[in-house]
Amino acid sequence: MYLTKEEEKALEGEYGEAIAMAMRILVTLGEMNNAERLIKINSAHVSGISYVNIGEEGLEFILKMAEAKVKVRTTCNPACMDLERWRDLGISEHIAEGQLRIAEALRDMNIEETFTCTPYFVGNRPSKDSHVSWGESSAVVFANTFLEARTNREGGPSALASAIVGKTPLYGLHLEENRRPTVRVKIEYTPSSLCDYSMVGYIIGYRIQRGIPLVEGLKVQDEDQAKAFSAGLAAASNVSMAILKPQPQPLEVVEIDEKEVKEYYERFNIHEKPDLIFIGCPHCSLEELMYVDLLIKKPLKGVEFWMCTSRGVYMKAKRRGIIDSLESKGVKVLKDMCIVVTKIRDMGYESVWTNSSKAAHYLKLLHGVKVRLCSIKSIVSSITKRANTP
Ligand code: F3S
């Protein structure tokens with residue numbers, strides 16, 4: 001891969017070991033993917049920062065990188081805990097200490113303490129055709145598909161390396177020729193909830209596994225629907241981008257109908273009482289918090305109900321009184337954290353109801369949790385009915 005004189009100096013350690021390490025990561029990645037050179041990026045989003053997931057080894061890596069500062073606007077993914085309310089959640093001192101050291105290292109690098117998988121809701125919104133380096137698969141699909149920015153599906157180390165160098169190798173979805181559809185997907189089904197959008201994305205991912213789907217027959221009308229669709233698609237596959245604008249291309253066709261959607265829902269269909277109700281994968285928008293607040297009429301009893309969001313959205317909701325209202329009805333509104341990258345079963349949760357196919361997929365696969373997947377509306381109506389049943 002071609003390197004400029006400056007890049008060579010950085011690789012040889014002239015600007016310090018952290019920058020040299022970041023360059024080694026980018027050069028290795030570039031050479032593996034036949035990139036011609038590095039290109040400048042406008043922003044980065046760093047995933048892989050949960051202490052539960054990366055442990056001591058990952059913490060050591062981040063501490064070494066923290067000798068450098070990031071060169072572009074950089075946000076970060078959720079941690080394994082609410083950085084303020086972790087004691088309420090039963091997180092151990094040991095895990096909290098590791099997570100707080102990671103948070104401090106990110107701060108030292110000038111990474112914005114967003115701790116969210118929805119950086120696009122808190123100001124990190126790249127413009128059309130801009131090159132960025134984002135980790136977090138759901139945000140990658142959202143950025144490529146709905147913002148029309150250009151990013152590969154980075155891992156935590158490569159996104160961090162790009163943030164430090166301010167560049168990424170030129171390959172994959174940064175190149176126009178790799179942003180064309182590879183398969184036509186016809187949706188013969190009308191989603192009526194965010195959960196349905198998440199399920200449609202999930203089924204497309206499951207069916208095609210890779211490439212770029214040209215999706216027909218699906219109307220995505222707002223960013224919550226786009227977010228749910230993106231997360232489902234990314235959870236079930238290596239797909240990092242979809243195209244929803246019609247294109248006249250002769251392509252292999254995959255059809256998805258209502259019967260198939262019902263069959264997929266059956267995969268996540270426990271009937272047991274939930275230990276935990278969880279909304280917020282990806283992190284809730286202000287509108288979702290408002291919606292749930294309106295839906296719950298009376299305080300909930302005998303059920304643990306979590307909603308996860310970003311600090312930025314939390315603060316907006318707090319100012320409008322939504323957080324206090326939800327909390328008064330028995331909903332814990334948590335920020336900074338992701339339920340999938342924490343020790344959910346150690347906290348005593350064995351069965352979870354959620355409206356996110358991504359959360360359902362990973363909770364079942366990685367944690368062996370029993371999951372029911374259904375819309376927020378049916379979750380709230382079921383728990384309200386159960387509470388009223390003598
Ligand atoms: Fe976000 Fe975690 Fe879901 S990072 S998309 S809440 S799995």
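Glu 255 lies in strand E8, residues 253-257, where helices (H or I, at least four residues) and strands (E, at least two) are DSSP runs numbered from the N terminus. This is a predicted model, in which local features need pLDDT of at least 70 and side-chain atom pairs count only at pLDDT 80 or more, while totals for chains, interfaces and linings use all residues. Residues are numbered from 1 along each chain as its sequence is written, and side-chain values use heavy atoms, with hydrogens and water left out.

In a regular strand the side chains alternate between the two faces of the sheet. In E8 the covered face carries Val 254 and Ile 256, whereas Val 253, Glu 255 and Asp 257 belong to the uncovered one. Glu 255 counts as partly exposed because its relative accessibility is 44%, given that buried means under 20% relative accessible area, exposed over 50%, and partly exposed in between (1.4 Å probe, protein chains only). Strand E6, residues 183-188, runs parallel to E8 and is joined to E8 by five bridges, where two strands pair if DSSP finds at least two bridges between them; across this pairing, Val 185 stands opposite Val 254.

On the surface, Glu 255 gathers with Glu 188, Asp 257 and Glu 258 in a patch of negative charge. Such patches are made of residues with over 30% relative accessible area and no salt bridge, with like charges joined within 9 Å and nonpolar side chains (Val, Leu, Ile, Met, Phe, Trp, Tyr) within 5 Å.

Side chains of opposite charge can pair when their charged atoms come close. The structure holds 27 salt bridges, each a side-chain nitrogen of Lys or Arg within 4 Å of a carboxyl oxygen of Asp or Glu. In one of them Glu 216 meets Arg 184, with the closest N and O atoms 2.3 Å apart; this pair links distant parts of the chain, since Glu 216 is in strand E7 (residues 213-216) and Arg 184 in strand E6, 32 residues apart. Arg 184 is buried because its relative accessible area is 12%, whereas Glu 216, at 25% relative accessibility, counts as partly exposed.

Another salt bridge joins Lys 227 to Glu 288, the closest N and O atoms being 2.8 Å apart, and connects helix H8 (residues 223-235), which holds Lys 227, with helix H10 (residues 286-295), which holds Glu 288, over 61 residues. Lys 227 counts as buried at 3% relative accessibility, and Glu 288 counts as buried at 5%.

Key
Accessible areas come from the Shrake-Rupley method with a 1.4 Å probe; for residues, only the protein chains shown count as cover. Lys and Arg count as positive and Asp and Glu as negative; His and the chain ends are not counted. The place of a charge is taken as NZ of Lys, CZ of Arg, CG of Asp or CD of Glu.
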